[in-house]
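Me: Hi! I've got a structure open and would like to go through it with you. Could you take a look?

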Amino acid sequence: MLIVGAEVDGALRDVRVERGRIGAIERCLAPLSGERVFDAAGGALLPGLHDHHIHLNAAAAALASVRCGPPEIASCEALVVALGGAPGEGGGRGVGYHTSVAGEIDRRWLDRFGPDRAVRIQHRGGRMWILNSRALALLGDDMPADGRLIDGDALLRRRLDASPPDLRPLGSALAARGVTGLTEATARNDADDYHRYARAGLDQHLLVMGTAALDDLAPHARARAGAVKLHYHDHDLPALDALIDEVACAHAADRAVAAHCVTRAELMLTLAAIEAAGPHPGDRIEHAGVAPPPAVEWIASLGLTVVTQPHFIAERGRAYRAEVAAHDQPWLYRLRGFRTVGVRLAGGSDAPFGGLDPWSSMAAATERDLGPEEVRFTPGLPTILAGLRAGSRSVGRPISACSIGAGPPRASISPRSASAPPSSMERPFTPPHRPSPIRARSPPKCAASTAPYRRSAAARSGAAGSRCRLRPG
Ligand SMILES: [Zn+2]
């Protein structure tokens, strides 16, 4: 393929792609006989982007759901209107709810104000679904009376007999934004999930994180297994020894860990466990939502990568200002603080819990401000492209590129051979291994790695209330 009129290093160039590699970059290249020509119309030629943290099934399902929270929905009146049009299998489906919209809503709220059919909405944290009575009736008798179902995704899938969503529309939407690689970050991913993602017809290269069941899985189509995902929350943290064992088990299987850490406590416990087990190349902290200076130094000393979501600052700013302690607000989703001490950063949308547009995320990173409103940035492309040009020294490298001009970005994904190394932007971040001063414990007690996630009674028993002034119609 010949790409003509692309911006490379600030100048217009023609670029020839041969067998998935950049063959030549010149001021002017003549098309060969039968060669496909793609006119970049002056758009910049970039490496393909990689979303380093996404939940594919949930993000695909969210494309067919109504938004129920900020920034799109900011009042209970708007929520009621949105729910009236909620699509979805097994009843209407909404996502992204936050208590700033209508308070701690429950089954009774949905029965009074929602549509007269089965409907369920997901809190934007991703763990809780709120169902109305009709939706609960579809699931059986043993459902929580208030309709607030926590960690119930597997149960919903089973009882509603719902097949996994078609991932291709999501893949197309991401490709249109220049995303050519994805890291699937759902903690419960097992071997079946892995093979399903691999067969889903996505054009993107896939790195699938998940449980210990992904140990030793061979690459399948464009997919390969990634880190063991650790997913614990403040209200139900494991004992330090159990977490050390879980980390050590992953490392013993030559897998990195990727630890969900949005609070101080989650982060500090995880860092203590990784330090005690000894870090492994590719170990990563997901989110690092609150990272005060000592934690930043600690992450740097362990050689960990941080996978961050700068767009959360834009999308959730108002809630952060209200809910996060003032002394922690400067340490939310940090970027420069990590870079200055050499911590490697990667970006991930966390879609559907964050917006999936990487350009909005990059704009949010440069415009960082815990402002009064929650917004999705619609960036001016020239500003962004200035920092992301493909280098003219790229000849001979595999290509996985997107070209962006006045229209929407378009991705071109190479039919790369299995032996070809990934391009730098696709390559999962594997920082140089820095040995820990603390030696790994051996042998690990691997029983801990399969310990089921425990749900606390406190998390299930939240009293429901509502600030909505609507009256049922
Ligand atoms: Zn996530």
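Me: How do β6 and strand β12 pair?
Reply: In this predicted model, β6 and β12 (residues 179-184) run in the parallel sense and share four bridges. Strands here are DSSP runs of E, at least two residues, numbered from the N terminus, and two strands pair if DSSP finds at least two bridges between them.

Me: Which residue in β12 is the bridge partner of Asp51?
Reply: Leu182. Residues are numbered from 1 along each chain as its sequence is written.

Me: What sheet is β6 part of?
Reply: An open one of eight strands with parallel pairing, in the order β6-β12-β13-β14-β15-β16-β17-β18. Its edge strands, each pairing on one side only, are β6 (49-54) and β18 (344-347).

Me: Nice. Changing topic: what pLDDT does the protein chain average?
Reply: The average is 79, and 76% of the residues score at least 70. pLDDT is the predictor's confidence in each residue, from 0 to 100. For this model, local features need pLDDT of at least 70 and side-chain atom pairs count only at 80 or more, while totals for chains, interfaces and linings use all residues.

Me: Where does pLDDT stay under 50?
Reply: Residues 372-392 are one such stretch, and over residues 406-473 the pLDDT is below 50 too.

Definitions and conventions. Two residues are in contact if their C-beta atoms, placed from the backbone, lie within 7 Å.
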